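Have the model open as you read.

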Amino acid sequence: MRKVLLAGMAIAMMVTPALAQTYRFVIVPKAMNNPFFDFARDGCQKRAKELGNIECIYRGPVEHEPATQAQIIQDFVTQKVDGLAISVADVAAMTKSIEAASAAGIPVITFDADAPGSKRIAYIGTNNKEFGVALGKQLLQLRPEGGKYAMVSGGPGAKNLAERVDGVREALKGSKWVEVGGSPTFCNDDPALAVQQMTDLRTATPDLAAIVPVGGWPMFAPEGFKAFASKNKKDIESGKFTLVVADTLRMQLELLRDGYANALTGQRPFEMGEKSMDVLLAIKKGGKVPEIVHTGLDLVTKDNVAQMLK
């Protein structure tokens, strides 16, 4: 009887490691000081916990630094992690990093910002051209009479942001809206710089009728954004100056509710984090995955902001 028990224990010890295999998946944001990516992290960690055999590792540059992002990815390649989900800060730099990871046998997907010419297997996130079109249409609906407008963007090497800029321009083409010179500005995902650029744009063009940040950066510095909007509050309330901003984080919804902006177009970063884990796991198990997974948009104005805040 004792021999049978010992044999059973030996078999259990041999089987347990295989059953307890944990995949180490890494989600790499453009910048960890950008609160947008906190939601992708939370979605990733929630889904990893639900699946039970995944460790969600969240790590990226503190600030928007493509070279640092590339080095972080190389470190994870050296560590032989089981999969990478990357928000691409710079397409040229990240294409090389993705190739290195792929050569090491590590599956790579992108989320939020894509590198479609690379060896990434799939992209999860917003249809960024449609995102830009939605921003432009919101402005056009609010102010069909047109005027001068400017955009604020993030990193000049980010393909997703370039697509949003193109989308805004496409939506406003043929209308009475005219983009001013020097637009878009590039804040490199720095919230304080984004607020300063908005101030500079308004100063340089006193009759500027609208600013459209194609990411939520200026609102991620809520006090700074509030100070800027407060100086222009009369014009915002009268319809002389319009702010249509990307993203719908809670702090942004509160600013919209309190009259510091006119409209928001939101992405779904939490869902991006969740789906990144599902797709990487499916790849590791040998399954086929769709190349593109779009996560949708949310359009918010003063009419439905209270509902969004619930």
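Cys 44 is buried, at 0% relative accessibility, where buried means under 20% relative accessible area, exposed over 50% and partly exposed in between (1.4 Å probe, protein chains only). This is a predicted model, in which local features need pLDDT of at least 70, side-chain atom pairs count only at pLDDT 80 or more, and totals for chains, interfaces and linings use all residues. Residues are numbered from 1 along each chain as its sequence is written, and side-chain values use heavy atoms, with hydrogens and water left out.

**Cysteines**
- Cys 56 also counts as buried, at 14% relative accessibility.
- Cys 187 is buried too, with a relative accessibility of 0%.
- The model has 1 disulfide, defined as a pair of cysteine sulfur atoms within 2.5 Å.
- Cys 44 and Cys 56 form a disulfide, S to S 1.8 Å.
- Their link is right-handed, with 125° about the S-S bond.
- Cys 44 sits in helix α2 and Cys 56 in strand β2, so the bond ties together parts 12 residues apart in sequence; helices (H or I, at least four residues) and strands (E, at least two) are DSSP runs, numbered from the N terminus.

**The loop at Asn 53**
- Asn 53 lies in the loop between α2 (36-51) and β2 (54-58).
- Beyond its neighbours within four places in sequence, Asn 53 contacts Gln 21, Thr 22, Tyr 23, Ala 48 and Leu 281, contact meaning heavy atoms within 4.5 Å.
- Arg 24 is 29 residues from Asn 53 in sequence and 8.9 Å away in space, C-alpha to C-alpha.

**Recorded domain**
- UniProt (unreviewed entry) places "domain: Periplasmic binding protein" at residues 25-287; its positions follow the numbering used here, feature names are shortened, and annotations may be inferred rather than shown by experiment.
- Residues 25-287 are 48% helix and 18% strand, with the end C-alpha atoms 17 Å apart.
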